[in-house]
Amino acid sequence: IFKKRFYQDFPQHPQELIYKYITSSTMKPTQIDCAQGSLNQICPTCTVKGDIRLTPFYKIDDVRKTIKGYVTEINNNPNIVAQDCHGPFSKYELPEENKKAILNLKWLSAGENGVACNLSSPGFAALCEATEHVLGKVEPYSISGSLPLIAELQQDGFDVQISGYGFSSHYHANNECVSITAMKRAAKIFSK
């Protein structure tokens, strides 16, 4: 229910097309931990951790407020989780024992707003021109990530551009790498 609602409330923003975002804002459960018991027992607790990546056209404070609303709604009526997705005997309340499921939300950090470089700035134009001169083509695109320092520099009035000339297929991989040839080309681009 969380992910479905998240994508309804924070859909692809029209600006994402202009900036050529590879993906829109995302919400991903990345770790799940349950209290161990027998295979025929429902776990008394389950912890789900995850990641939210926002494009810069949505604000983290709005996302936090919206998600808090999801939690309140589910805690007021836990059975909405079961609607249309569980069998007739799945339930999140045990009226005989006066118990019902409770969802607790804990943010592991304050979160960060996304960042978008200024596509009409002199820095962007110069970087595109230099890239095309050295590589023969330029194909700007955008991805989501956590770059709080970049946002702070922008807020302080700097024309910040983000570029990379390595292997995007290797970003954050165990074998994250770049070739010497790509590094030499990047040095030529930045020296233009």
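**View 1. What lines the second largest pocket?** The residues around this pocket divide into 24 nonpolar, 13 polar and 6 charged; here Ala, Val, Leu, Ile, Met, Phe, Trp, Tyr, Cys and Pro count as nonpolar, Asp, Glu, Lys and Arg as charged, and the others, Gly among them, as polar. The model is predicted, so to speak of local features we need pLDDT of at least 70, and side-chain atom pairs count only at pLDDT 80 or more, while totals for chains, interfaces and linings use all residues. Residues are numbered from 1 along each chain as its sequence is written, and side-chain values use heavy atoms, with hydrogens and water left out.

The lining has 43 residues, with Tyr141, Ile143, Ile162, Ser163 and Gly164 nearest the centre of the pocket. Helix 4 (122-135) and helix 6 (180-191) are the elements that give two or more residues to the lining. The largest share, 5 residues, comes from helix 4. (Helices are DSSP runs of H or I, at least four residues, numbered from the N terminus. A pocket is an open set of points on a 1 Å grid over the protein atoms alone, where a 1.4 Å probe fits, with protein on both sides within 12 Å along at least five of seven lines; lining residues have an atom within 4 Å of a point.)

**View 2. The largest nonpolar core.** This core has 13 residues, and those with the most contacts inside it are Phe2, Phe6, Phe10, Leu54, Val63, Ile67 and Tyr70. Helix 1 (2-9) and helix 3 (60-76) each supply at least two residues, and the largest share, 6 residues, comes from helix 3. (A nonpolar core is a set of buried Ala, Val, Leu, Ile, Met, Phe, Trp, Tyr and Cys residues joined through side-chain atoms within 4.5 Å; buried means under 20% relative accessible area, exposed over 50%, partly exposed in between, with a 1.4 Å probe and protein chains only.)

View 3. Phe2 sits in helix 1 and Tyr70 in helix 3, 68 residues apart. Both Phe2 and Tyr70 are buried.

View 4. Phe190 is exposed, with a relative accessible area of 51%.
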